[in-house]
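I set out to record the overall dimensions of a protein and the arrangement of one of its sheets. My entries follow the order in which I looked things up.

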Amino acid sequence: MFASIRGRYVPAKQLVSTVRAAVPRGRTMSPAAGLISRVSNYHKPARNEAFKRLTKDDLSFFRTIVPSETILATAQVGGTADLIELEGFNADWLNKYRGNSQLVLRPKTTEQVSQILRYCNTHNIAVVPQGGNTGLVGGSVPVHDEIVLSLRNMNKIRSYDELSGILVCDAGCVLEELGNYVGERGHVMPLDLGAKGSCHIGGNVATNAGGIRFLRYGTLHGSVLGLEVVLPDGTILDNLSTLRKDNTGYDLKQMFIGSEGTLGVITGVSIATPQRPSAVNVAVLGVPSYECVQRAFKLARRRCGEVLSAYEFWDANCMGAVLKHHELKSPLAAEFPFYVLIETSGSNKEHDDEKLGALLEELMEEGIAEDGALAQDDTQIMRMWSMREGIPESLGKTGATYKYDVSIPIPVLYDIVGDIAHRLESASLYKPGDMTRPVKIVCGYGHIGDGNLHLNVVAEQFEDRITEIFEPYVYEWVASHRGSISAEHGVGLMKRDYLRYSKSPEMIAYMKRIKDLFDPNHILNPYKVI
């Protein structure tokens, strides 16, 4: 296969060989690890004083349910842990949202979760369910002094059917570990995220996570076959079905997929895992405009539709950040306004190679792509993906990062990036290339196939004068194009007050009625979603 450099054709392998070693896919993302600490002054909702404040008696009861080594409690509630030991549970990994929980419980069984919630519901104690804590909207950390119910100790695989590819596991299983397990048995997980080394499958389901395999395998609403959920009153809903077809009444599991821990605590997941493709190809292209990003996608679907598994894009600002902070060298000879990553996955390498090769030649002959590189082995595939997946962490290392995960019709998907940059320039807060201004970078990347843009604004620190430039303007802009204010990150605390830009008053009213039905005392993940 060949790639073009300024009109010349050279072997793609020669290009990719210049890429240096990168942080491998699936790296663990610890809360705030390696990131610049610039805590946000976001506006917290007032504490609901109807919630009980914890006492030593409460801690004594919890010690009868779970072993002492699975409890972290500060002196304020009768424990011995230092507050710093709870830091990783109280703060999100971007260090933007931070609570003040004095108690972390790490149960090992569904029955323990049930007993904890039953007690909390009876005594009106607020609880925040937490998985890997890799969320970006403040949904997985406490707002005030809620108990953190960590699922990290519930990490067992319960069963796996190698014929059907159906996996049943605890909610605390790490996504990457599940991927390795089913990979050894000829299958793949139907979702893949940059945070897969830390995120939990229960959290993925609770937030209806998307990721880079969405184009090929779709939403978790289709992949998840069953759930085990503990309701706020301690009731265990055992719906861990392994059936692909079950048309018997209401499909209750769908209520909990994307509910962000506000209706119940997911403790078990049954999920269908697709057959692992035996032939995978990845190419990175340099393109001159967003219009060409769209044209390339249209052609990729036409030429490689049955094997196209990912189509990602990012702009020059994203590329600059990731090359700098991960010490990478671009596989392309020049810089471009936009970059595209195309992945194909199939069962016939010769067939797929021919398809992708023909696509790349056509893209370059038509002037849609001006340069490109095709990976020649798994190591080069990993390095190419590291450019795309390393963007969020790279931006976090650059400064305080405002993140907006939105769905917008593809033709206008990138327009909002230029619009926000212009507003910040007009306010004298930003100038492209000037890293001394309060705002350093305005950039965008995402999943073209899903109409999902990640708009990022990197500042020296979180400030109201910056936030006011694009909130609620971003949401108004998205709503004006009939988009969604959250494509895959959820609502959490960050977008709770802006839900009206994506949902009608009638829909929000029914969402509140559903919340009242499942959680009448509102103890589960309070202050979030609605």
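The entries below go from the whole chain to a single sheet.

Entry 1, basis. I worked from a predicted model, in which local features need pLDDT of at least 70, side-chain atom pairs count only at pLDDT 80 or more, and totals for chains, interfaces and linings use all residues. Residues are numbered from 1 along each chain as its sequence is written, and side-chain values use heavy atoms, with hydrogens and water left out.

Of the 530 residues, 58% count as buried, that is, under 20% relative accessible area with a 1.4 Å probe, protein chains only. I found 18 helices and 18 strands (DSSP runs, H or I of at least four residues and E of at least two, numbered from the N terminus).

I looked up an open, mixed sheet of 4 strands in the order β3-β4-β6-β5; strands pair if DSSP finds at least two bridges between them. Because β3 (71–73) and β5 (127–130) each have a single partner strand, one side of each is left without a neighbour in the sheet.

Gln130 stands opposite Ser150 in β6.

Terms used
Buried < 20%, exposed > 50% of the residue type's maximum accessible area, 1.4 Å probe, protein only.
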